[in-house]
Amino acid sequence: FFLLVCLTLVSMGKKSTSINEVPEVSAQDNKWAEELITSKGYELVFLGWVNRPKGKSFEKRILLITKMRIYLANAKYKIEKEIHIADIKSVESTSPDNFTLNAEGWSNTLHTPETDSLINSISTVITTAFPGMPESVRPKFTIEPSSRLRDAESDSGICGGFIDTY
């Protein structure tokens, strides 16, 4: 009985032993994300579950990307990390199921089958928010193979993206 209870608790949310064992986004996840993003005045760009390594297992986390911020929350919807996109230094990925996000004072490797979509969402958000950003200060994307990263085009319009950004 004790073993059954332990196995049930592990499968309910916190730890996963497989990198690719990521839950689907539920209606409850969507509702929580919409309430959070709406209360902060942002627009949701990406919502998905990721696995964060912890020892020999993985902890499930929900990742939200908006036009200005990235949020990492635990399975109980508590925000653990909030990053402004201007604080992103680099994004690295050598395989289609994981990526490393390096930001000011924070770095983490996350695993998800949606890595390419997630990386392209981050690239698009940065390009849209800062359309004229010089390459020297732009976050570095190291993606192998490079064909996984789409060119993020910005429709900066007459005000250089100012209206979309603010």
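This is a predicted model: local features need pLDDT of at least 70, side-chain atom pairs count only at pLDDT 80 or more; totals for chains, interfaces and linings use all residues.
## Overall fold

The chain has four helices and nine strands. Along the sequence these elements follow the pattern α-β-α-β-β-β-β-β-β-β-α-β-α. Of the 166 residues in the chain, 40% are buried. Among contacts between residues at least 6 apart in sequence, 51% join residues at least 24 apart.

## Helix H3

Helix H3 covers residues 115-129, which is 15 residues.

The side chain of threonine 127 makes a polar contact with the side chain of arginine 138, at 2.5 Å.

## Nonpolar cores

The largest nonpolar core holds 24 residues, of which Ile70, Ile88, Val91, Phe99, Leu101, Leu118 and Ile122 touch the most other members. Two or more residues come from each of strand E2 (44-54), strand E3 (57-66), strand E4 (69-73), strand E6 (88-95), strand E7 (98-103), strand E8 (106-111), H3 and strand E9 (140-143). H3 gives the most to this core, with six residues.

Another core, of eleven residues, lies apart from the largest one; among its members are Ile62, Leu64, Tyr71 and Tyr77. As for isoleucine 88, its contacts, leaving out residues up to four places away in sequence, are with Ile70, Ile83, Leu101, Asn102, Ala103, Ile122, Ile126 and Pro139.

Six of the six residues of E7 are buried, so the strand is largely enclosed by the rest of the structure. The cover extends to both faces of E7: Asn98, Thr100 and Asn102 are buried on one side, and Phe99, Leu101 and Ala103 are buried on the other.

E7 pairs with E6 in the antiparallel sense over five bridges, and a hairpin joins E6 to E7 through two residues. Within this pairing, alanine 103 in E7 is the bridge partner of isoleucine 88. Alanine 103 is also listed among the contacts of isoleucine 88.

E7 also pairs with E8 in the antiparallel sense, over six bridges. Here phenylalanine 99 stands opposite leucine 110 in E8. E7 and E8 likewise form a hairpin with two residues between them, and glycine 105 in the turn has a positive phi of about 75°.

## The aromatic pair

A search of the whole structure finds one aromatic pair. Tryptophan 32 and tyrosine 77 form this pair, which is stacked, with 4.8 Å centre to centre and 25° between the planes. The stacked label applies because planes under 30 degrees apart count as stacked.

The pair links distant parts of the chain: tryptophan 32 is in helix H2 (residues 27-40), tyrosine 77 is in the loop between E4 and strand E5 (79-84), and the two are 45 residues apart. Both tryptophan 32 and tyrosine 77 are buried. For tyrosine 77 the relative accessibility is 18%, and this residue counts as buried because the limit is under 20%. Tyrosine 77 is also one of the members of the eleven-residue core.

## Backbone features

Tyrosine 77 has a positive phi of about 65° although it is not a glycine. The residue lies in the loop between E4 and E5.

The peptide bond from glutamate 144 to proline 145 is cis, with omega near -10°. Proline 145 lies in the loop between E9 and helix H4 (162-165).

How values were computed: Residues are numbered from 1 along each chain as its sequence is written. Side-chain values use heavy atoms; hydrogens and water are left out. The expected span of a helix is 1.5 Å times one less than its number of residues. A nonpolar core is a set of buried Ala, Val, Leu, Ile, Met, Phe, Trp, Tyr and Cys residues joined through side-chain atoms within 4.5 Å. Buried means under 20% relative accessible area, exposed over 50%, partly exposed in between (1.4 Å probe, protein chains only). Contact means heavy atoms within 4.5 Å. A polar contact is a pair of N or O atoms within 3.5 Å; within protein, one must be able to donate a hydrogen and the other to accept it, and residues adjacent in sequence count only if both atoms are side-chain atoms. Rings of Phe, Tyr and Trp (its six-membered ring) pair if their centres lie within 6.5 Å; planes under 30 degrees apart count as stacked, over 60 as edge-to-face and the rest as tilted. Two strands pair if DSSP finds at least two bridges between them.
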